[in-house]
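User: I am new to this structure and would like to go through it with you. Could you show it first, please?

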Amino acid sequence: MTDALVLLAALLVDALVGEWPARVHPVVWMGHVIRAVERLAPGGRTGAFLWGLGMAVGLPLAWAGLAWGTLQMPLVAPLVALFWLGSAFALRVLGEAGLGVATPLAQGDLTGARAGLRSLCSRDPSTLDEHQLAAGAVESLAENLSDSFVAPIFWWLVAGVPGAVAYRVINTLDAMIGYHGRYEWLGKASARLDDLANLVPARLTAVLLLAAGAAGRADTRGGLRTLLRDRQHTESPNAGWPMAVIAGLLGIALEKPGHYVLGAEGRAPTAADVARAWALCRVGAMVWAVAALLLTAAA
């Protein structure tokens, strides 16, 4: 029961307060450590790949070990667990970021919407029009529901606090070095490990969004149809699952020019669709939170 209370407390803290202050936030410190280790990486493909492999394996294990060690203090262990678990997911911040695009977009403020989108994804928004900004926000809400909420709690259920912390390191590594270009070889192992870590959570997120769509009277048939047809259109083996579902649920087309189109038969998304997407994500998150609490209490 203690574990269920820790999860409930972490969910309440996230809903009412948000994230821990940056100076003590574990994810901020993870980023500092990753950047410091990255600077020591050797040049050349082989050297960079091996160094990146060491980072992908060693850093999650080190942080999980640190979390496990701090949990060995019996009198304060529940508070320590709350601290770590509360830093592993960020639903409130995700919603604020989504509305940070939807609100200015609804007011015709493209500059404000572009600034808001920068906090949601790494895509350059400087040349995006109204519909492309809305599409980027909807995609990011769906994908980050998995990365920022469903997956951390999933790995907490599997391996406790160390599992949630290890996942957060893996996901942070992928966000910082797991992409093409400069980090092609250094980040390759981190990107593949992140794909593996999100294999189940991304598919679970798609199911949760379908459930949210059914509860909210969205087009669940369209969501399922688009999921089955378009889920593999993205480069990531996981991102297409929640993104395709939400495109079908909302009846919109989500396109990244030159890369993919999800729900091609749908209309162009608007600011209202960003708000509707967040509403679906919030309901899906609530379903997952209740399920996780029940599973934890039963265990």
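User: How many disulfides does the count come to?
Analyst: The count comes to zero disulfides. Please keep in mind that this is a predicted model.

User: How far is the sulfur of Cys121 from the closest cysteine sulfur?
Analyst: The distance is 14 Å, and the closest cysteine sulfur belongs to Cys281.

User: At what angle do α11 and α12 pack?
Analyst: Two packed helices are described by the angle between their axes and the distance between the axes. Helix α11, residues 240-250, packs against α12 at about 120 degrees, and their axes are 11 Å apart. With that angle, α11 is oblique to α12. Their crossing is right-handed.

User: What about α5 and α12, how do their axes cross?
Analyst: The axes of α5 (residues 91-106) and α12 (residues 271-298) come within 8 Å and cross at roughly 165 degrees. An angle over 145 degrees counts as roughly antiparallel, so α5 is roughly antiparallel to α12. The crossing of α5 and α12 is left-handed.

User: Which residues meet there?
Analyst: From α5 the contact involves Leu91, Leu94, Gly95, Gly98, Leu99, Ala102, Leu105 and Ala106. From α12 it involves Ala271, Val274, Ala275, Trp278 and Ala285. Sorted by class, the contact of α5 with α12 has 11 nonpolar, two polar and no charged residues.

User: Changing topic: where does Asp230 lie?
Analyst: Asp230 lies in helix α10, which covers residues 220-230.

User: Buried or exposed? And what does Asp230 touch?
Analyst: Asp230 has a relative accessible area of 3% and is therefore buried, the limit being under 20%. Leaving aside residues up to four places away in sequence, Asp230 touches Ala244, Val261, Leu262, Gly263 and Ala264.

User: What is there to say about the phi of Arg217?
Analyst: Arg217 has a positive phi of about 60 degrees, although Arg217 is not a glycine. Arg217 lies in the loop between α9 (199-215) and α10. Its relative accessible area is 81%, so Arg217 is exposed.

User: Another loop, then: where is Ser122?
Analyst: Ser122 is located in the loop between α6 (110-118) and α7 (130-177). With a relative accessible area of 79%, Ser122 is exposed.

User: How far apart are Ser122 and Ser140?
Analyst: Along the chain they are 18 residues apart, and their C-alpha atoms are separated by 9.7 Å.

User: Last one: where does Leu16 lie, and is Leu16 buried or exposed?
Analyst: Leu16 lies in helix α1, residues 2-16. Its relative accessibility is 64%, and Leu16 therefore counts as exposed. Leu16 and Ser87 are 71 residues apart in sequence, while their C-alpha atoms are 14 Å apart in space.

Note on methods
Residues numbered from 1 in each chain as written. Predicted model: local features only at pLDDT ≥ 70, side-chain atom pairs only at ≥ 80, totals over all residues. Heavy atoms only, no water. Helix = DSSP H or I, 4+ residues; strand = E, 2+ residues; numbered from the N terminus. Buried < 20%, exposed > 50% of the residue type's maximum accessible area, 1.4 Å probe, protein only. Contact = heavy atoms within 4.5 Å. Axes fitted to C-alpha atoms, helices over the stretch in contact; angles between N-to-C directions. Parallel < 35°, antiparallel > 145°, perpendicular 65-115°, else oblique. Left-handed = near helix turned anticlockwise from the far one by under 90°. Nonpolar A, V, L, I, M, F, W, Y, C, P; charged D, E, K, R; others polar. Disulfide = S-S within 2.5 Å.
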